[in-house]
Amino acid sequence: MDAALGGRPATYQDLHRLKYTEMVVKESMRLHPATGFLFGREAVEDVELGGCTVKRGSWVFIAPHVVQRDARYFPSPEAFDPERFAPGRIEQILPYSYLPFGGGPRICIGNSLATMELVLLAATVLQKYRLTLDQPPPELEMEIVVRPRGGLRMRAQPRQGQGHIAIPA
């Protein structure tokens, strides 16, 4: 990241040089997806699903936070491992096991834009600052959006030999 950017803010043209940063962003979204629940659907008839009977009129939701931490889909699911998204390994991720933006025909239309923005923002900020949690690990509130209960206090410390970064308007 440092070599790719040379101390300047990241731009769209830098994306191809920020592949590891993209892997870090994707692994972060695997462990901490923004959405608590996706795809609410009502059963129109009784149906057997994964060994359980879903009664007519019941609602079924997918919880990315649960699916993306399932050891059947991700070895060592609680470990932070950006290499899961490296060429040669990303192909092992089963369809619909990684779905921070949903999946299939109803996948979020902004998924590529959001991922690009996260990569560029992370690269721009992290080349100048070291971010650390400035509180005990928070409890999560899982509603439609997953968020830390009571907020999240972070400390941004300039990296050794790094000054403040000016981000153009």
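Predicted model: local features only at pLDDT ≥ 70, side-chain atom pairs only at ≥ 80, totals over all residues.

**Entry 1: helix α2.** I count 13 residues in α2, and the distance from its first C-alpha to its last is 19 Å, close to the 18 Å expected at 1.5 Å a residue. Next I looked up burial along α2: Thr-21, Met-23, Val-25, Lys-26, Glu-27, Met-29, Arg-30 and Leu-31 come out as buried. I then asked what covers the buried residues of α2. The cover includes α3 (64–67) and α4 (111–126).

**Entry 2: α2 against α4.** I followed up on α4. The axes of α2 and α4 come within 9 Å and cross at roughly 115°, and I noted the crossing as right-handed. From α2, the contact uses Thr-21, Glu-22, Val-25, Lys-26 and Met-29, while α4 brings Thr-115, Leu-118, Val-119, Ala-122 and Ala-123.

**Entry 3: the core.** I looked for the largest nonpolar core and found 18 residues in it, with Ala-10, Leu-18 and Tyr-98 having the most contacts inside. At least two residues of this core come from each of α1 (2–5), α2 and α4. The largest share, four residues, is from α4.

Tyr-98 touches Lys-26, Met-29 and Arg-30, along with Gln-68, Phe-74, Phe-85 and Ile-93.

**Entry 4: Arg-159.** Buried or partly exposed: which is Arg-159? I get 27% relative accessibility, so I file Arg-159 as partly exposed. Arg-159 sits in the segment after β8 (154–158). Again skipping neighbours within four places in sequence, I listed Met-1, Asp-2, Leu-126, Gln-127, Lys-128, Tyr-129 and Arg-130 as contacts of Arg-159. I also checked Arg-159 against Arg-17: the two are 142 residues apart along the chain, and their C-alpha atoms are separated by 21 Å.

**Entry 5: whole chain.** Last, I zoomed out. I count four helices and eight strands in the protein chain, running α-α-β-β-β-β-α-α-β-β-β-β from the N terminus on. The C-alpha trace spans about 65 × 35 × 35 Å along its principal axes. Of the 169 residues, 32% are buried. For contacts with a separation of 6 or more, 62% are between residues 24 or more positions apart.

Key
Residues numbered from 1 in each chain as written. Heavy atoms only, no water. Expected span 1.5 Å × (residues − 1). Buried < 20%, exposed > 50% of the residue type's maximum accessible area, 1.4 Å probe, protein only. Contact = heavy atoms within 4.5 Å. Core = buried A, V, L, I, M, F, W, Y, C linked by side-chain atoms within 4.5 Å. Axes fitted to C-alpha atoms, helices over the stretch in contact; angles between N-to-C directions. Left-handed = near helix turned anticlockwise from the far one by under 90°.
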